[in-house]
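Please look over the sequence and the model below before reading on. The notes after them are grouped by topic.

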Amino acid sequence: MLLLTLTPSYKMPITPVWELLSFDTAAHAGVFVVLAGLSWFSLRRQRRWPRVARRVGRVVLVGSILFGGLIEVLQHTMALGRHGEWTDLISDAIGAALAVGIATAVARRQSRRARSLASVCWLGLAAASAGLSGVPTTARAQDLSRARRTIAKLASPGLHGRGYVKEGEQKAAAYLRKRFVELKLEPLAPDFTQPFTLNVNTFPGKLELDVIPFGPLRRMPNTAHLQPGRDFIAAPNSAKGKLDWGSRLVRLDTLAFTDSLVRTRAVAQLNKLPGAVLLTTRDENRLANLPALRQAVESAAARITLVPKLTAAIASEQTTQVRLLALPTAAAWPVATTVPMLMKGVHIRVNAELQSGYQTQNVAAVIRGTTQPDSFLVVSAHYDHLGRMGRKTYFPGANDNASGVALLLELAAHYARPENRPAYSVVFLLFGAEEAGLVGSTYFVAHPLVPLQRIKFLVNLDLLGTGEEGATVVNGKVYAAAYQRLLALNDTHRYLPALGARGRAANSDHFPFSEAGVPAFFLYTRGGSTAYHDVQDRPEALSLAGFAGAFGLVRDFLNEPGRRQVTGTKKPLQGLQRLLITITLE
């Protein structure tokens, strides 16, 4: 198309003359019908930009009009003997609108037909199953659109990253209590709440880092103003502090870790020129074996460590030094030098506040079993995240762990339906302060709301927002027989592309339970978004490719103990019903 656009007028082929409509006008419209149609189809199927896929008609129409305008501008300005015509632009817009309208209508018709066909098949199979077995039909599976809304709510700015600044975790807990009430679940504690306290270091105010290119001069024009969350973050145990614009930034010479003479000069340099010290992660790890150098580094007013990825965390204590983590590409960092005027300057402001005895909570509910109400199956997920860092930056925590909370709520909605009441009681535990070191789950194990010895199994849900490559089961190698049952269910129903087993690991809220003798799995999905403990962990980055499969797998696994207590447990067409449910929802 661009080749034709840039072809001089004398080289253009002669077009026929039509009576009612010019050939050129029809050609413009026809070409843009094809262009817009192909664009609509391609953008609708791609998954890299979910927002574009959801608004594909609008994007294609606007893009086609802009492209048509570009063509007319090029023809008008490039002296090729051709002229830009506004009527051609109108033809382009009409062609694009026609293609978008047809594509949208066809897509909607196919969607309605698919839903109608699935509904008819489902009703037929359900009726056949009920007639053959005389038992209620299998319940509906999870609502994927509702799950996405749950994730979006928990990851929204209004909940402040579900941390300890602006009561983010309190607001998240209030939202989750409301969801439990709507499902008519029974509280496992007054108002569904098990309170506990913790110490937590927070960053509620200013967080600033500026690197001055040519030494300790005040506010030079090309100062690098680094952005929190994107270029740097505070280390979890950082103290509060301020370094004025005249402070120097000293980079350690790597020879200081291997050459005693260079190390002696580095120690003297740090003691003589107080300011900020710059080092790499490898340098920081080697300080443990060099006490004199470590003491000199810790005596600096601030420490900046260059890291390959910004991964935030939470600490329960605070050091006496300002500590920041920054990307190597965030600024033109200084080289190691002993010449003061060749050093760079730095400006730092960190508002850190250590909160002692901060009160937070677990949120807990139960659905009583029909035949074994004093035996419990537990579904758990942590709802807290990393909160805010500075006034403008927060960590959404969509995958970690709004996704796990959403799956727990979908399972709660399933079991809350009368026809799905489980044989064993099912407890739903939403833990606080997991990111602070499994504090909420550890507190629950020490102060259980149900007897630990009556818990038959716990399934912990964390990081469930992907699934393109299947899922991993932590403790799968510890509880081998239970893992084999899980594997058999997945092989039978093809819920997830693959399952992998890991051994013992203290990486989520299952750990305090398994250490106390409660059999427990921790399930997380693999593939898709790699965002973790950073500002990119957003709802739009999640494919939820394994969400429906994880729901079916956990549901069937939880149903197994109760099913073994009932004679004639296998319902006719049950496997086909479940497969159809999954297809219908997708």
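A433 is buried, with a relative accessible area of 0%. The structure is a predicted model, and the mean pLDDT of the protein is 86.

- A433 sits in the loop that runs between β13 (424–431) and α12 (439–446).
- The phi angle of A433 is positive, at about 60 degrees, although this residue is not a glycine.
- A second residue of this kind is R162, which is not a glycine either and has a positive phi of about 50 degrees.
- R162 belongs to the loop between α6 (144–154) and α7 (168–182).
- Is R162 buried or exposed? R162 is buried, because its relative accessible area is 0% and buried means under 20%.
- The peptide bond between D400 and N401 is cis, with omega about 0 degrees.
- N401 is part of helix α11, which covers residues 398–416.

**Confidence of the prediction**

- A pLDDT of 70 or more is reached by 82% of the residues.
- Over residues 118–140, pLDDT stays under 50. For this stretch the model has 33 contacts beyond four places in sequence.
- Over residues 566–586, pLDDT also stays under 50. Here the model has 35 contacts beyond four places in sequence.

**Strand pairing around β11**

- Strand β11 spans residues 353–367 and runs antiparallel to strand β1 (residues 186–187), to which two bridges join it.
- Within that pairing, E186 has V366 of β11 as its bridge partner.
- How many bridges link β2 and β11? Strand β2 (residues 193–202) pairs with β11 over nine bridges, in the antiparallel sense.
- One of the residue pairs here is F196 with T360, its bridge partner in β11.
- β11 also pairs with β13, over five bridges and again in the antiparallel sense.
- In β13, F428 stands opposite A365.
- When looking at these strands, keep one general point in mind: in a regular strand, side chains alternate between the two faces of the sheet.

**G68 in helix α4**

- G68 lies in helix α4, which covers residues 56–77.
- G68 counts as buried because its relative accessibility is 0%, and the cut-off for buried is under 20%.
- Which residues does G68 touch, leaving out those up to four places away in sequence? They are F32, L89 and D92.
- G68 and D88 are 20 residues apart along the chain, and their C-alpha atoms are separated by 8.1 Å.

- L98, I102 and V106 make a nonpolar surface patch of about 270 Å².
- I102, one of the residues of this patch, is located in helix α5 (residues 86–133).
- I102 counts as partly exposed because its relative accessibility is 49%, and exposed would need over 50%.

Technical notes
Residues are numbered from 1 along each chain as its sequence is written. This is a predicted model: local features need pLDDT of at least 70, side-chain atom pairs count only at pLDDT 80 or more; totals for chains, interfaces and linings use all residues. Side-chain values use heavy atoms; hydrogens and water are left out. Helices (H or I, at least four residues) and strands (E, at least two) are DSSP runs, numbered from the N terminus. Buried means under 20% relative accessible area, exposed over 50%, partly exposed in between (1.4 Å probe, protein chains only). pLDDT is the predictor's confidence in each residue, from 0 to 100. Contact means heavy atoms within 4.5 Å. Two strands pair if DSSP finds at least two bridges between them. Patches are made of residues with over 30% relative accessible area and no salt bridge: like charges are joined within 9 Å, nonpolar side chains (Val, Leu, Ile, Met, Phe, Trp, Tyr) within 5 Å. Accessible areas come from the Shrake-Rupley method with a 1.4 Å probe; for residues, only the protein chains shown count as cover. A salt bridge is a side-chain nitrogen of Lys or Arg within 4 Å of a carboxyl oxygen of Asp or Glu.
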